Amino acid sequence: MKILNLNTHSLIEQDYEKKCEIFVKKILEIKPDFITMQEVNQGIFSPTQKFTPVTFKNCGKFPLRENNHALKIYNMLKNNDLEYNFTWCGFKVGYKKFQEGLAIFSLSSIDDAKSFYLSKSRNHFDWKVRKALVIKSGEISVATVHTGWWDDPDEPLKEQLDSLFDGLKNHENLILTGDF
């Protein structure tokens, strides 16, 4: 089984288009079974995606927008005859212009997709908000997270990890990825 994990920084990256091409080229080369990504952005004011791919499963409160990074990667892969099932969970506003979230791609079907908070804060304008995204694909569960800092006085990593492990306790055959 092949798993690829990347904190993308996506739309805020310098040379974004070129980096997307490099990323997609590598995916086409190695064809991972699962791809997990953090900091998967879309513009707050970008138009809402009119046609949602049938392989997409939304589990966040933000709608999928036309410039969503996960959607871009999906389309680039599909244009190269590699189609993934994918989910995206947006949960906070970053840099006052992006809706930021997590994404998971799977070559096999996504039977279920859920997200849950790791942070105490639920305010999507708070940059310290953290969530986990978990899918069930057959007998396997795959989760991805983007946690905060160990010594943060407001949102300590230990509390986020306690929330993570509590939220994942019923998942067997779990693959845990992310930016810790």
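Which residue lies over the face of Tyr117, and at what distance from the ring centre? Lys131 does, at 4.6 Å. A charge counts as sitting over a ring if NZ of Lys or CZ of Arg is within 6 Å of the ring centre and within 35 degrees of the ring normal.

Before we go on, a word on the model. This is a predicted model, in which local features need pLDDT of at least 70 and side-chain atom pairs count only at pLDDT 80 or more, while totals for chains, interfaces and linings use all residues. Residues are numbered from 1 along each chain as its sequence is written, and side-chain values use heavy atoms, with hydrogens and water left out.

The predictor's confidence in each residue, pLDDT, runs from 0 to 100. Its mean over the protein chain is 93, and 100% of the residues reach 70 or more.

| Element | Residues | Mean pLDDT |
|---|---|---|
| Strand 3 (lowest) | 56-58 | 86 |
| Strand 8 (highest) | 140-146 | 97 |

Now to the aromatic rings. Rings of Phe, Tyr and Trp (its six-membered ring) pair if their centres lie within 6.5 Å; planes under 30 degrees apart count as stacked, over 60 as edge-to-face and the rest as tilted. The structure holds 4 such pairs. One of them, Phe86 with Phe105, is stacked, at 5.2 Å centre to centre and 20° between the planes. This pair links distant parts of the chain, since Phe86 belongs to strand 4 (residues 85-94) and Phe105 to strand 5 (residues 98-106), 19 residues apart. Phe86 is buried (under 20% relative accessible area, against over 50% for exposed and in between for partly exposed; 1.4 Å probe, protein chains only). Its relative accessible area is 0%, and Phe105 is also buried at 0%. Ring pairs join Phe56, Tyr74, Tyr84, Phe86 and Phe105 into a cluster.

Tyr74 is also among the buried residues of helix 2 (residues 69-78), together with His69, Ala70, Leu71, Ile73 and Leu77. Their cover includes helix 1 (16-30), strand 2 (34-43), strand 4 and strand 5. At the start of helix 2, a side-chain oxygen of Asn68 reaches to within 2.8 Å of the backbone nitrogen of Ala70.

Finally, Thr144 lies in strand 8 and is buried, at 0% relative accessibility. Contact means heavy atoms within 4.5 Å; leaving aside residues up to four places away in sequence, Thr144 touches several residues, including Asn5, Met37, Lys131 and Thr177.

Key
Helix = DSSP H or I, 4+ residues; strand = E, 2+ residues; numbered from the N terminus. Polar contact = N/O pair within 3.5 Å; in protein donor to acceptor, adjacent residues only side chain to side chain.
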